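Subject: Structure handover

Hi,

Here is the structure you asked for, with my notes below it. Please read them side by side.

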Amino acid sequence: MNTLPVLPSRTARPGYFITFEGGEGVGKSTQIQLLKEKLIELGKHVVTTREPGGTPAAEAIRAVLLGNQYQDLSDRAEAMLFAAARADVVANVVDPALAAGSVVLADRYFDSSVAYQGYARNLGAAEVKALSLWATRGLIPDLTVFLDLDPTVGMARVDQPDRLESLAMEFHIKVRNAFLDIANNEPERFVVVDASQSPAAISEQIYAAIKSRLSL
Ligand SMILES: Nc1ncnc2c1ncn2[C@@H]1O[C@H](COP(=O)(O)OP(=O)(O)OP(=O)(O)O)[C@@H](O)[C@H]1O
Ligand SMILES: [Mg+2]
């Protein structure tokens, strides 16, 4: 008989898991820092993570994924390394923080894998998402902020391009369209923000969305 994998229930957790998605240079790190400051003012305990990375093993994997010396890294190896790094940071950092009631702000999460490897690398959105759900034991964000920006504007903000940032503009356009599609399919989880605005205006919109959607 065919048995479906059973994922543990992830609904009951005291903390909040908010992820930030978007292409290169759209302002993810800037907005995470601004939101972190606001939440700390409100007395929240905030934990931030960046992908790939956040644990010693995940940082080692990051060096392989983003290192310009690994130009021949195969697409499937790339997808599995992202999932492996994510598995490690969820198990060792995100899960314990959520269990302790913290707000976790993640600079990229599985939607990035679905957009970059699933859509833009053509590995299949459903397969890549399934890999990530297995890796994270089904951890789905409470809210995902997608910072939407024309990739030519975003790339112009990037100083020293890493292996993925160095890919052709055509790839970055595919990534943007992928994120828009993913966000469209899950409107209850996503907040889409026009990232061509000023950092302060973007931050206000993100904060308003969080206040209205989560009981923080
Ligand atoms: N709304 C904005 N308008 C103009 N410039 C911005 C805005 N937000 C961030 N920047 C600037 O653009 C650059 C990239 O921003 P940031 O590092 O936050 O983006 P990111 O999405 O984290 O990029 P990366 O994908 O490289 O990690 C920085 O120099 C930052 O100061
Ligand atoms: Mg960043």
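Helix α4 passes α5 in a right-handed crossing (left-handed if the near helix is turned anticlockwise from the far one by less than a right angle, right-handed if clockwise). Helix α4 covers residues 110–120, and α5 covers residues 125–135. Their axes lie 8 Å apart, at an angle of about 145°. Axes here are lines fitted to C-alpha atoms, for helices over the stretch in contact, and angles run from 0 to 180 degrees between N-to-C directions. Helices (H or I, at least four residues) and strands (E, at least two) are DSSP runs, numbered from the N terminus.

On the α4 side, the contact (heavy atoms within 4.5 Å) uses Phe 110, Ser 113, Val 114, Gln 117, Gly 118 and Tyr 119. On the α5 side, Ala 125, Val 128, Lys 129, Ser 132 and Leu 133 take part. By class, that is six nonpolar, four polar and one charged residues. Ala, Val, Leu, Ile, Met, Phe, Trp, Tyr, Cys and Pro count as nonpolar; Asp, Glu, Lys and Arg as charged; the others, Gly among them, as polar.

Before the rest, the ground rules. This is a predicted model: local features need pLDDT of at least 70, side-chain atom pairs count only at pLDDT 80 or more, and totals for chains, interfaces and linings use all residues. Residues are numbered from 1 along each chain as its sequence is written, chains are lettered from A and ligands numbered from 1 in the order in which they are written, and side-chain values use heavy atoms, with hydrogens and water left out.

Now the salt bridges (a side-chain nitrogen of Lys or Arg within 4 Å of a carboxyl oxygen of Asp or Glu). The whole structure has 13.

Glu 186 sits in the loop between α7 and β5 (190–194), so the pair ties together parts 57 residues apart in sequence. Lys 129 is partly exposed at 24% relative accessibility. Glu 186 is buried at 17%. Buried means under 20% relative accessible area, exposed over 50%, partly exposed in between (1.4 Å probe, protein chains only).

Glu 186 also meets Arg 189, at 3.0 Å. Both of these residues are buried.

Arg 163 bridges to Glu 78, with the closest N and O atoms 2.9 Å apart. Arg 163 is in the loop between α6 (151–156) and α7 (169–185), Glu 78 in helix α3 (residues 75–99), 85 residues apart. Arg 163 is buried at 5%, and Glu 78 at 0%.

Best wishes
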